Amino acid sequence: MLTRRQLAAVSAIFAAIHPLHKALGQTAGVGASGTATTTTHDMSSMPANWMGKEQIAFLIYPEFTALDMVGPHYMFTNLMGATTHVVAKTRDPVRSDTGLVFTPSASFEDCPKDLDIICVPGGSNGTLAAMQDEATVSFIKDRGSRARFVTSVCTGSLILGAAGLLTGYKATSHWAAKSLLPIFGAVPTDGRIVQDRNRITGGGVTAGIDFGLKLVSQLRDRQYAESVQLLAEYAPEPPFDAGTPQRAPAAVTALMDGMFVDFRQKAEAIGRDVYARNRNG
């Protein structure tokens, strides 16, 4: 059971992170007389470690998979005191692989030089193009060389690998691409989230939500992360048990795996070339 101090602290976190009253822990409302009122929440019971000052950057690029980024982005933007940047080569709008359009908050030039977290989402053809884009790989290589945590979701790990940031690390990727990781000197490892020192890689697409929540718990604490989970009402109950190749019907796995044959062939050729150039450059 929560103590009164813990209850006050949980109340404080919800007051502070809710989008409608994020600033200064204040909630605007209307009193019985119809006049506007402002309630200032008591933040004195909040643990000191619940307030941070992290600089966090999400890379986006044409035809990236939106949910790879949006899932952990929701979790990280609920870190009190943190600043989250959505970064692309320029500030021009970026279209995802399903047609959603995102407006970057920073370009490669604008992005802070020193980051606490850099996160790279995946995709398919867009990811292959990003792996071959010199400016994109150089940006990831530079910021990743100093970041406190170097992270990815789905096939974003292929971009980290192309930049030479997974050499000698255990890592994962989307199930259809995990076998490609040795090309980059990485060690393919089972798990929805794989952490090896300061490298954290998530599996396919929805794994980004779990990865984001796990890192929130490391940056704050379990109670803080549980509060964010409750705020998101994240309690998945999928209608089918087909979320991994091991649990999906064999016919479904075979069908989906066949769709990735061309992608894997292209990714292997591109990956070997780009990784060799980055290792020798």
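Which residue takes a positive phi just after α7? In the predicted model described here, that residue is glutamate 233, with a phi of about 45 degrees.

The chain contains nine helices and 13 strands. Of its 281 residues, 46% are buried. Where contacts join residues at least 6 apart in sequence, 67% of them link residues at least 24 apart. The mean pLDDT of the chain is 90, with 84% of residues reaching 70 or more. Among the elements, β9 has the highest mean pLDDT, at 99, whereas strand β1 (residues 26-30) has the lowest, at 38.

An open sheet is formed by seven strands with mixed pairing, in the order β7-β4-β3-β8-β9-β13-β12. Its edge strands, β7 (106-107) and β12 (193-196), each pair on one side only. Within the sheet, β3 (residues 55-59) and β4 (residues 83-88) run parallel and are joined by five bridges. Phenylalanine 58 stands opposite valine 86 of β4. Helix α6 (residues 207-219) packs on this sheet, where it touches β8, β9, β12 and β13 (199-202), and its direction makes about 160 degrees with that of β9. Helix α4 (residues 134-144) lies across β3, β4, β8 (117-120) and β9 (149-153), and runs at about 150 degrees to β8.

The length of α6 agrees with expectation, because its 13 residues at 1.5 Å a residue should span 18 Å and its end C-alpha atoms are 18 Å apart. Buried positions in α6 comprise Ala207, Gly208, Ile209, Phe211, Gly212, Leu213, Leu215, Val216 and Leu219. These buried residues pack against strands β8, β9, β12 and β13, and also against helices α2 (66-76) and α7 (222-231). In α7, the buried residues are Gln223, Tyr224, Ala225, Ser227 and Val228. The N-terminal end of α7 is capped by aspartate 221, a side-chain oxygen of which lies 3.2 Å from the backbone nitrogen of glutamine 223.

Asparagine 198 is located in the loop between β12 and β13. With a relative accessible area of 19%, asparagine 198 falls under the 20% cut-off and is therefore classed as buried. Its side chain forms a polar contact of 2.8 Å with the side chain of arginine 199. Leaving aside residues up to four places away in sequence, asparagine 198 touches Ala147, Arg148, Phe149, Val150 and Tyr169.

Leucine 158 belongs to helix α5 (residues 156-162). This residue is buried, its relative accessible area being 0%. When residues up to four places away in sequence are not counted, leucine 158 touches Met131, Ala177, Leu180, Leu181, Phe184, Phe263 and Ala267. Leucine 158 and glycine 271 are separated by 113 residues in sequence, yet their C-alpha atoms are 7.5 Å apart in space.

Key
Residues are numbered from 1 along each chain as its sequence is written. This is a predicted model: local features need pLDDT of at least 70, side-chain atom pairs count only at pLDDT 80 or more; totals for chains, interfaces and linings use all residues. Side-chain values use heavy atoms; hydrogens and water are left out. Two strands pair if DSSP finds at least two bridges between them. Helices (H or I, at least four residues) and strands (E, at least two) are DSSP runs, numbered from the N terminus. Contact means heavy atoms within 4.5 Å. Axes are lines fitted to C-alpha atoms, for helices over the stretch in contact, and angles run from 0 to 180 degrees between N-to-C directions. pLDDT is the predictor's confidence in each residue, from 0 to 100. The expected span of a helix is 1.5 Å times one less than its number of residues. Buried means under 20% relative accessible area, exposed over 50%, partly exposed in between (1.4 Å probe, protein chains only). A polar contact is a pair of N or O atoms within 3.5 Å; within protein, one must be able to donate a hydrogen and the other to accept it, and residues adjacent in sequence count only if both atoms are side-chain atoms.
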